[in-house]
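Student: I have a model open and would like to learn how to read its features. Could you take me through a few of them?

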Amino acid sequence: MKREINKAPFSKDMLRGHTRSSVRNRYALSVKSRCMAEKKAAHKTHQGKIETLKRVMPEVISTIVLCFRGYCGNQCAKNSYVCSGNKRQAKNFMPANVKVKMVASDQEVLKKSIEMVLGPLALEATKLLTTTQKCEAVNRSYQAVVPKNVTFSRNCVGRIHGQVHKLNQGYADSVLEKTSQLKATLTPGSKVIGQIAYEDRSI
């Protein structure tokens with residue numbers, strides 16, 4: 001969403017200043033932060049009922065547009081799940097001296113950008129509030145034991161299985177189970193046990 005707002009065809013006078021690209025980036029961060037906060041709060045309020053969320057979000061989207069235009073007040077207090085109408089939400093990440101001046105076309109562009117997160121299709125696709133971050137984290141952990149620039153023709157599968165075991169069991173439990181399977185004994189209170197505990201805490 002942030003990338004789309006950065007590329008969106010807003011009018012030239014909407015964000016004035018010598019550092020317009022920086023201001024636009026901060027504006028995109030502010031809008032994204034507001035949308036994600038609204039979605040999470042709405043999910044919590046309505047207990048994840050997707051049909052209810054689809055019904056209330058059009059008003060929320062219109063309220064967000066008004067809020068970023070500078071009309072933060074009764075509408076935010078009535079329709080927003082995170083803004084009480086005190087103008088703080090619209091200023092997240094934004095410099096204090098920057099004023100957003102929207103024309104009608106800017107409002108439509110902003111509305112379409114917000115619908116990428118709060119529109120009915122987006123709500124349906126993210127109804128469990130899941131993201132790709134966990135998948136990316138797992139892929140990075142695989143690359144730690146099987147780097148792309150090295151071919152482990154002999155023990156590639158074993159290295160991946162070992163990493164999966166560590167991810168599922170935790171570092172310390174994984175090491176202890178592996179040593180047990182290898183019939184190795186670890187003395188309680190030894191330096192090895194202390195090092196395993198230290199490594200487990202640091203991960």
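Tutor: Gladly. Histidine 43 counts as buried because its relative accessibility is 8%; buried means under 20% relative accessible area, exposed over 50%, and partly exposed in between (1.4 Å probe, protein chains only). This is a predicted model, where local features need pLDDT of at least 70, side-chain atom pairs count only at pLDDT 80 or more, and totals for chains, interfaces and linings use all residues. Residues are numbered from 1 along each chain as its sequence is written, and side-chain values use heavy atoms, with hydrogens and water left out.

Student: Where does histidine 43 sit, and which residues is histidine 43 in contact with, leaving aside neighbours within four places in sequence?

Tutor: Helices (H or I, at least four residues) and strands (E, at least two) are DSSP runs, numbered from the N terminus. Histidine 43 belongs to helix 2 (residues 20-45). Contact means heavy atoms within 4.5 Å; beyond those sequence neighbours, histidine 43 touches Gly48, Leu53, Thr126, Lys127 and Leu129.

Student: Where in helix 3 does a kink lie?

Tutor: The bend at a residue is the angle between axes fitted to the seven residues ending there and the seven starting there. In helix 3, a kink of about 40° lies at methionine 57, shortly before proline 58. Met57 is also among the buried residues of helix 3, as is Leu53. Just after this helix, glycine 70 has a positive phi of about 110°.

Student: Which residues of helix 5 are buried?

Tutor: They are Asp106, Val109, Leu110, Ser113, Ile114, Val117 and Leu118. These residues lie on the same side of helix 5 because they cover an arc of only 165° around the axis, taken from the directions from the helix axis to the C-beta atoms. Ala104 and Lys112, on the other side, are exposed.
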